[in-house]
Amino acid sequence: MSEYQYQPLPANYIRLIQLLPDLDGNAPVRCQLLEYPIHMRKIGSHIYDALSYVWGPPPNTCHIEVIDGSECSVLSIRENCHAALARLRDPILPRFVWVDSICINQEDNKEKTQQVRMMTGIYALASRVVVWLREPYKVGSIMDNGRGLEFIRRAAEHCAWSTMITDHDINLELEPQDAKDIMIVLKRSWFRRIWVLQEVAAAREVVMMDGLHEVHGYAFSFGLDVLRLKTESLPWQEETMRRAHRISTLMMGTRLRTPTPSTHDIASDQFTLGLHTLSALIDMFHDHDATDRRDKIFALLGMGSDVPIGFSANYDMTWSQVFHKLARSLLIGDEHSALSHLETWDDHEIAVMRTKIMVLGRVIEAESTRETNGVQLGMIKWRSEQDTYTLGDRFSNCAAKSIRKNDLVCMFPAARLPSIVRPVYNGAGLPYLFIIAVTMNLTEWGNATDNPVPTWCDTSASITDSPSAWVGCRAVWDW
């Protein structure tokens, strides 16, 4: 059979996989690829499932058969995608599924750009999002028997009728082997992949699948919250739990989110979830993995509440160009400004800039360890007009990088909120300021109704309006 050939998609259409049923679970996976008008008005969710999974390493070693009338061709796919489709196939009825690696022509940058811009909406309109946790077996890896996922479900069931749960309320017997089984699940590559954040955040409903085992996303999130209360007595790994908590928090929110978004918004590339500012999302999630560096930014745009106008996924741009545009948008402003200079590189996730900042204060206290939900606590001292420091507010840091005592709080020219930087001296001249957190979210500092920025400082004033408040610096943004 010949290799499947993609045809151009009409505007505002997506492809859907119609998985053909088969009573034989070992039979070849057969399907049809259908063009679907996602922009057509419809009340409620659409009839397809959207798959969230890890592609796995190349090459494409598996095949599916694509039926088009009397024609039959083959499409090469990766092992993990094939395993997920085989698991989703029904023995009796056809099933509609959206899978990015199949439904988007990965060799066509124009189509890829257009489809990625609609991806938040694609997941939001799906009847449910299916999370496929399984990974291709590697020699030397630990095979999971499904006990970890099942134990998380049991933990949720155990406390399902409690309104307030504390460690003393949990009588669930948890042996060391149980903790190991749970960690096997949470250390799966899926929890490190950056695209999954948007995929579960947009979902109306989430189902977690691990081979033959499955659990509802809400039960998974609730069960994980219950088990987090056992952190002090069990050998959890802090970073693994922190990543899992970030994702489970997004899944918990699916029950509270507004119903199906407007198809007009999705078709016009304007639909976003509006969960956080783009800078806060980058602070929290830039350490997640992406095969294509550009996706570390593109995957977060659909969740941002303040994405700059004109900033959207574009696979004709290089990583250096995308990162350069982001740093100017969030930190130092217009590229024609004589007050700033910025360099980025295609082979590094780092930006080096010469610019000016306004120093607002410094960190006088920062917890060395984080709360079980990944939040770091600390305290800021603010500068006064007389250049002395006065007692300020406590803060909470949700960024991936930890804040330390003596880090500085400052404003960059294009920033809307204060940033945290760390001076690093190289023995000569001004120190380099390493950016730790692009945004300190003011609503998370102490009393959420008070603005803790010092009253003497007008952070909306430009450099030209208030030049004496701004000082030159060399800053480094290293992901």
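**Salt bridges and a covered strand**

Arg293 and Glu349 form a salt bridge, with the closest N and O atoms 3.2 Å apart; the term stands for a side-chain nitrogen of Lys or Arg within 4 Å of a carboxyl oxygen of Asp or Glu. Arg293 lies in the loop between helix 11 (278-285) and helix 12 (295-301) and Glu349 in the loop between strand 10 (341-344) and strand 11 (350-366), so the pair ties together parts that are 56 residues apart in sequence. Helices (H or I, at least four residues) and strands (E, at least two) are DSSP runs, numbered from the N terminus.

A word on sources. This is a predicted model, where local features need pLDDT of at least 70 and side-chain atom pairs count only at pLDDT 80 or more, while totals for chains, interfaces and linings use all residues. Residues are numbered from 1 along each chain as its sequence is written, and side-chain values use heavy atoms, with hydrogens and water left out.

Back to the pair. Arg293 is partly exposed, at 30% relative accessible area, and Glu349 is buried, at 18%. Buried means under 20%, exposed over 50%, and partly exposed in between, with a 1.4 Å probe and protein chains only.

Glu349 also meets Lys296 in a salt bridge of 3.2 Å, N to O. Lys296 sits in helix 12, 53 residues from Glu349.

Now strand 7, residues 128-132. How many of its residues are buried? The count is 5 of 5. Arg128, Val130 and Trp132 are on one side, Val129 and Val131 on the other. Strand 7 runs parallel to strand 3 (residues 49-52), joined by 4 bridges; strands pair if DSSP finds at least two bridges between them.
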